[in-house]
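Trainee: Could we go through the side-chain contacts in this model together? I would like to begin with the charged pairs.

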Amino acid sequence: MSMSDSDSSSHASSSEYKTFRQISRDRLLQEMLRSAQTGDSKSTWKVLIMDKVTVKVMSCSCKMADITDEGVSLVEDLYRRRQPLPSMDAIYFIQPLRENVVMFLSDMSGRVPLYKKAFVFFSSPIPKELVNLIKNDTSVLPRIGALREMNLEYFAMDSQGFVTDNERALEELYGENMQNTRQHEACLDVMATRIATVFASLRELPYVRYRAAKVDESTETTFRDLIPTKLAASVWNCITKYKSSIPHFPQSETCELLLLDRSVDHIAPVIHEWTYDAMCHDLLNLDGNKYVHEVPSKSGGEPEKKEVLLEDHDPVWLELRHAHIADASERLHEKMTNFVSKNKAAQFQSRDGGELSTRDLQKMVQALPQYNEQVDKLSLHVEIAGKINRLIRELGLRDLGQLEQDLVFGDAGSKELINFLRLKQDASPENKLRLMMIYACVYPEKFEGDKGTKLMQLAKISPDDMNAVNNLKLFEGASDNKKNSLAGFSLKFDAQKRKHAARKDRTGEEEETWALSRFYPVIEELIEKVSKGELPKNEYACMNEPNPSTTITSNRSLPSASARTSQAPVAAAHSMRSRRTATWARPRGSDDGYSSDSVLRHASSDFKRMGQRIFVFIIGGATRSELRVCHKLTAKLKREVVLGSSSLDDPPEFITKMKMLTKELSVDDLHI
């Protein structure tokens with residue numbers, strides 16, 4: 001069993017830097033689908049057969065048009081009844097599971113197999129017993145054109161983000177069934193295998209760092225304490241096997257991996273994040289990246305529903321997704337104005353001389369079909385931004401968001417929270433719940449005894465919601481509470497607030513952003529410390545500890561991480577309306593907002609001279625704010641930062657998962 005000999009290493013070409021997602025896509029299309037175009041079969045169409053996992057792997061990295069371009073005329077489900085096509089070759093992209101191998105052998109055995117020839121690619125390493133099972137079927141062997149391990153079993157959810165699709169990781173690893181060690185081990189094994197295939201695909205050998213268990217003589221170390229340690233050991237075990245089994249796999253470290261769990265930051269999953277991307281997923285009930293909206297009927301009848309994908313192929317989305325919602329709204333208006341002014345033939349004024357409405361835009365489109373695509377994209381995002389701004393007003397999110405961030409930074413406490421709950425009784429139950437979860441993280445002692453119950457009664461939160469708050473509070477761990485209670489006494493009036501701050505203000509380190517943008521996820525500081533080599537070893541251990549006299553090197557022969565960091569350009573503030581406008585949220589783009597070949601081109605060209613990659617993996621779900629930080633720090637550190645997680649959760653999803661955890665966990669048991 002061997003990998004393809006083609007070198008898909010990210011270091012393969014010094015002249016062209018391929019991003020994480022580009023490499024994933026290229027391997028699937030070229031190393032797998034194109035490699036099956038051999039001999040007499042070059043001119044024939046093929047059938048692509050996948051299981052429920054690999055079809056998702058494929059759909060996350062490739063479009064149907066990409067697959068068709070590589071000679072695939074039909075995509076089939078391994079477990080559905082399929083029509084025999086004995087004159088066509090088949091490509092199997094499947095997990096190396098016994099039931100999958102049995103199904104494949106059933107397809108290709110007998111006097112008349114379903115397909116002429118089979119090219120079989122496994123998404124992760126195949127056990128020897130399954131290899132033997134295939135070898136022992138002598139009727140099938142002559143019909144196999146290829147039998148390889150692709151080692152690609154992760155789901156690329158973003159150009160710099162992937163998930164292992166362990167949606168129930170929080171429940172399985174931290175929930176009430178913690179005695180089910182088989183379930184725990186299975187969850188960690190799948191996670192480790194899929195994380196390792198990321199490094200197999202990129203031909204990267206990482207330093208594997210992880211959040212170490214806190215050793216405290218007064219408390220017993222629990223299974224939960226050891227989850228990052230166990231995952232790190234399992235990932236390293238998988239990767240070391242690749243060193244001897246995959247051609248061209250590096251034998252010395254080329255990148256860094258930091259393994260964390262959700263306990264590293266409890267606030268990021270529930271606080272309101274004010275960027276366009278986060279607001280879309282938080283407020284609009286998207287189905288993944290799918291947004292459904294109504295468009296006027298071309299026949300003049302009832303409006304028609306249309307599905308669009310908010311993803312990297314949309315240049316307007318690519319440009320605005322990490323911008324503050326207020327900034328995104330302004331820039332959309334500017335783009336529309338510039339588009340109309342630059343395209344005189346497209347000028348159209350509304351009846352009252354005001355701004356263009358959606359109806360006006362539709363008339364413009366019908367009158368000028370050559371501008372359909374540009375106006376469709378712009379009008380779509382104008383509509384989305386308008387809907388988000390309406391919801392912000394209707395839900396009173398500005399006041400709520402201000403209190404959330406004041407709590408996090410120590411500028412508000414019990415008094416402000418109680419005043420808010422009394423004055424804003426019409427706030428939605430979900431938003432009050434999120435506020436209480438943040439308060440529980442910053443002020444855990446306020447939930448001791450019956451204090452939490454009284455707060456819940458004031459907030460009119462149900463017992464089910466109370467369970468979510470209690471579970472989140474328990475994840476804080478006893479040692480954090482002790483730290484707060486031992487804080488030094490001061491005569492300063494704001495000392496009580498400041499000692500409860502969950503974040504230190506980073507004002508002055510970079511340009512200030514729009515209002516309600518003070519919050520940042522904990523991983524922002526951790527990634528910067530990784531880049532500088534400043535992670536404390538007692539808190540973040542390393543499976544393959546580097547020699548102090550050596551530094552990470554790669555085929556790109558770049559300066560050290562600290563040197564690259566110091567060379568990063570410092571951008572100047574350019575907004576008169578706020579303290580600072582973050583340059584990471586304002587990437588290059590055309591004035592009219594569309595010609596965004598420019599946006600897409602710059603997005604890839606910015607990677608050409610990157611340093612070694614930094615990977616961060618969060619057990620228990622990552623957030624949009626954490627994904628945004630990885631994009632931001634990639635530009636700042638000149639190193640591609642890739643975020644991985646068991647899942648990518650929006651606040652409603654995370655809250656649901658917290659409710660599913662046990663109601664009977666003790667603080668000692670949940671100490672992480």
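Trainee: How many salt bridges does the structure hold?

Mentor: There are 42 salt bridges, each being a side-chain nitrogen of Lys or Arg within 4 Å of a carboxyl oxygen of Asp or Glu. This is a predicted model, in which local features need pLDDT of at least 70, side-chain atom pairs count only at pLDDT 80 or more, and totals for chains, interfaces and linings use all residues. Residues are numbered from 1 along each chain as its sequence is written, and side-chain values use heavy atoms, with hydrogens and water left out.

Trainee: Which residue forms a salt bridge with arginine 194?

Mentor: Its partner is glutamate 153, and the closest N and O atoms are 3.0 Å apart. The pair links distant parts of the chain, 41 residues apart: arginine 194 is in helix 7, and glutamate 153 is in the loop between strand 5 (144-149) and strand 6 (155-158). Helices (H or I, at least four residues) and strands (E, at least two) are DSSP runs, numbered from the N terminus.

Trainee: Are arginine 194 and glutamate 153 buried or exposed?

Mentor: Both are buried. Buried means under 20% relative accessible area, exposed over 50%, and partly exposed in between, with a 1.4 Å probe and protein chains only.

Trainee: And what does aspartate 277 pair with?

Mentor: Aspartate 277 forms a salt bridge with arginine 624, with 3.9 Å between the closest N and O atoms. That pair joins helix 9 (residues 276-283) to helix 24 (residues 624-637), across 347 residues of sequence. Aspartate 277 counts as buried at 7% relative accessibility, and arginine 624 is buried at 14%.

Trainee: Where do aspartate 327 and arginine 331 lie?

Mentor: They lie in helix 11 (residues 325-342), and because they are 4 residues apart there, about one helical turn separates them. Aspartate 327 is buried at 1% relative accessibility, as is arginine 331 at 3%.

Trainee: Changing topic, how many aromatic pairs are there?

Mentor: The count is 12. Rings of Phe, Tyr and Trp (its six-membered ring) pair if their centres lie within 6.5 Å; planes under 30 degrees apart count as stacked, over 60 as edge-to-face and the rest as tilted. Phenylalanine 162 and phenylalanine 617 form a tilted pair, at 6.1 Å centre to centre with 35° between the planes. Phenylalanine 162 lies in strand 7 (residues 161-163) and phenylalanine 617 in strand 13 (residues 611-619), so the pair ties together parts 455 residues apart in sequence.

Trainee: Which residues form an aromatic cluster?

Mentor: Phe20, Tyr154, Phe162 and Phe617 form one. Within that group, phenylalanine 162 is buried at 5% relative accessibility, and phenylalanine 617 is buried at 1%.

Trainee: What about the nonpolar core; how many residues has the largest one?

Mentor: It has 153 residues, and those with the most contacts inside it include Phe93, Leu173 and Tyr276. A nonpolar core is a set of buried Ala, Val, Leu, Ile, Met, Phe, Trp, Tyr and Cys residues joined through side-chain atoms within 4.5 Å. Helix 7 (residues 181-202) gives the largest share of this core, 10 residues.

Trainee: Which residues does tyrosine 276 touch?

Mentor: Leaving aside residues up to four places away in sequence, tyrosine 276 touches several residues, among them Trp317, Leu320, His381 and Ile388; contact means heavy atoms within 4.5 Å.
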